[in-house]
Amino acid sequence: MTDASDTPIPETPKKPRLSRRELERRRLLLRTLGLGVAAVTAGLVGWYPVYRRLFDHLRPPGALDEDEFLAACIKCGQCVQVCPVQAIKLADGDEGYGLGVPYIDARAQACDFSCDAVQCVLACPTGALSHAIATKEEVTMGIARLARPEACLAMQGQGFTGLARGYDFEGLLRYEDIDRWEPQPVASYPYDLEICDLCVRECPISGAITLEPLSDDPADMRRMPTVHPACVGCGTCEMICPTEPAAIVIDTEFAKEAQA
């Protein structure tokens with residue numbers, strides 16, 4: 001009988017050592033994979049703000065549908081240069097792929113059509129702002145919505161006295177009773193209103209917003225700002241609203257789809 005201790009133990013085959021050339025190839029492969037992962041990650045980082053914010057920006061008058069607008073816009077800034085109230089801004093670096101794309105922050109400075117809605121359209125060299133737009137009534141930037149009815153002064157039956165946005169607000173507005181062509185600082189124009197109707201009073205589109213009674217009682221001073229199909233979403237109502245944050249806001253097409 002054979003002793004187990006006499007049974008030879010098979011040797012474990014040694015792994016062949018990689019040559020220097022093979023080691024370099026492996027390192028190159030790993031570096032390539034790492035760069036690929038970094039590129040994909042950077043792409044996703046760039047896409048995130050595009051999805052979250054770029055498509056929810058208010059665009060200048062005449063802007064094509066978002067996909068077509070982004071494809072046509074060359075970020076030249078010509079629309080920015082001709083805007084008389086400096087409402088149009090170019091997106092900063094935190095917008096990802098939206099860097100340099102024109103947009104409007106209505107709360108800070110609305111498009112009040114001081115130029116009658118044609119200067120930025122005519123300045124656009126690519127048609128990203130449709131040259132088919134000839135009047136402000138043809139614009140479709142978004143639509144106003146009473147987002148905070150509990151904060152609305154008209155809904156409470158209250159008036160308003162003073163500066164709509166305070167003495168330090170830098171926004172401009174075309175007050176036709178002062179100057180038909182030269183926009184004036186909102187901070188230089190005081191109001192004294194029995195019932196706050198700033199969103200209706202300063203709306204540049206006739207019939208876009210009205211104040212409707214909340215009851216049949218003649219003594220009931222409460223009124224509801226009601227948005228009509230004539231609204232083009234210029235943002236003047238959001239800019240001039242004296243509550244903070246604004247009781248009335250502009251919804252873009254992207255925002256409306258998200259709410260649906």
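The following legends accompany an overview and several close-up views of a predicted model.

The model is predicted, so local features are reported only at pLDDT of at least 70 and side-chain atom pairs only at pLDDT 80 or more, whereas totals for chains, interfaces and linings use all residues. Residues are numbered from 1 along each chain as its sequence is written, and side-chain values use heavy atoms, with hydrogens and water left out.

**Figure 1. Overview of the protein, with its seven helices and 10 strands.**
Helices (H or I, at least four residues) and strands (E, at least two) are DSSP runs, numbered from the N terminus. Of the 260 residues, 40% count as buried, where buried means under 20% relative accessible area, exposed means over 50%, and partly exposed lies in between (1.4 Å probe, protein chains only). The protein exposes about 15,500 Å², of which carbon and sulfur atoms supply 55%; accessible areas come from the Shrake-Rupley method with a 1.4 Å probe, and for residues only the protein chains shown count as cover. Among contacts (heavy atoms within 4.5 Å) between residues at least 6 apart in sequence, 66% join residues at least 24 apart.

**Figure 2. The second largest pocket and its lining.**
A pocket is defined on a 1 Å grid over the protein atoms alone: whereas a cavity is a set of points where a 1.4 Å probe fits but cannot get out, a pocket is an open set with protein on both sides within 12 Å along at least five of seven lines, and lining residues have an atom within 4 Å of a point. About 230 Å³ of space lies in this second largest pocket, the volume being the space filled by probe spheres set on the points, which are joined across faces, edges and corners. The lining consists of Asp112, Leu173, Arg174, Tyr175, Glu176, Asp177, Tyr189, Tyr191, Arg201, Glu202, Cys203 and Pro204. These residues divide into six nonpolar, no polar and six charged, with Ala, Val, Leu, Ile, Met, Phe, Trp, Tyr, Cys and Pro counted as nonpolar, Asp, Glu, Lys and Arg as charged, and the others, Gly among them, as polar.

Glu244 counts as exposed at 59% relative accessibility, whereas Arg107 is buried at 12%.

**Figure 3. Salt bridges of Asp251 with Arg145 and of Arg180 with Asp116.**
The closest N and O atoms of Asp251 and Arg145 are 2.5 Å apart. Asp251 lies in strand β10 and Arg145 in strand β3 (residues 143-146), 106 residues apart; Asp251 is buried, with a relative accessible area of 5%, and Arg145 is partly exposed at 32%. Salt bridges that share partners join Asp116, Arg174 and Arg180 into one network. Within the pair of Arg180 and Asp116, the N to O distance is 3.4 Å. Arg180 lies in the loop between β5 (172-173) and β6 (184-185) and Asp116 in the loop between β2 and α4, so the pair ties together parts that are 64 residues apart in sequence.

**Figure 4. Gln86 and Phe113, two residues other than glycine with positive phi.**
Most residues other than glycine have a negative phi. Phi of Gln86 is near 55 degrees, and Gln86 lies in the loop between α3 (78-82) and β1 (88-90), where Gln86 counts as exposed at 53% relative accessibility. Phi of Phe113 is near 60 degrees; Phe113 lies in the loop between β2 and α4 and is buried, with a relative accessible area of 1%.

Not counting residues up to four places away in sequence, Ile209 touches Cys199, Val200, Pro225, Thr226, His228, Cys237 and Ile248. The C-alpha atoms of Ile209 and Pro225 are separated by 6.5 Å, with the two residues 16 apart along the chain.

Methods: Salt bridge = Lys/Arg side-chain N within 4 Å of Asp/Glu carboxyl O.
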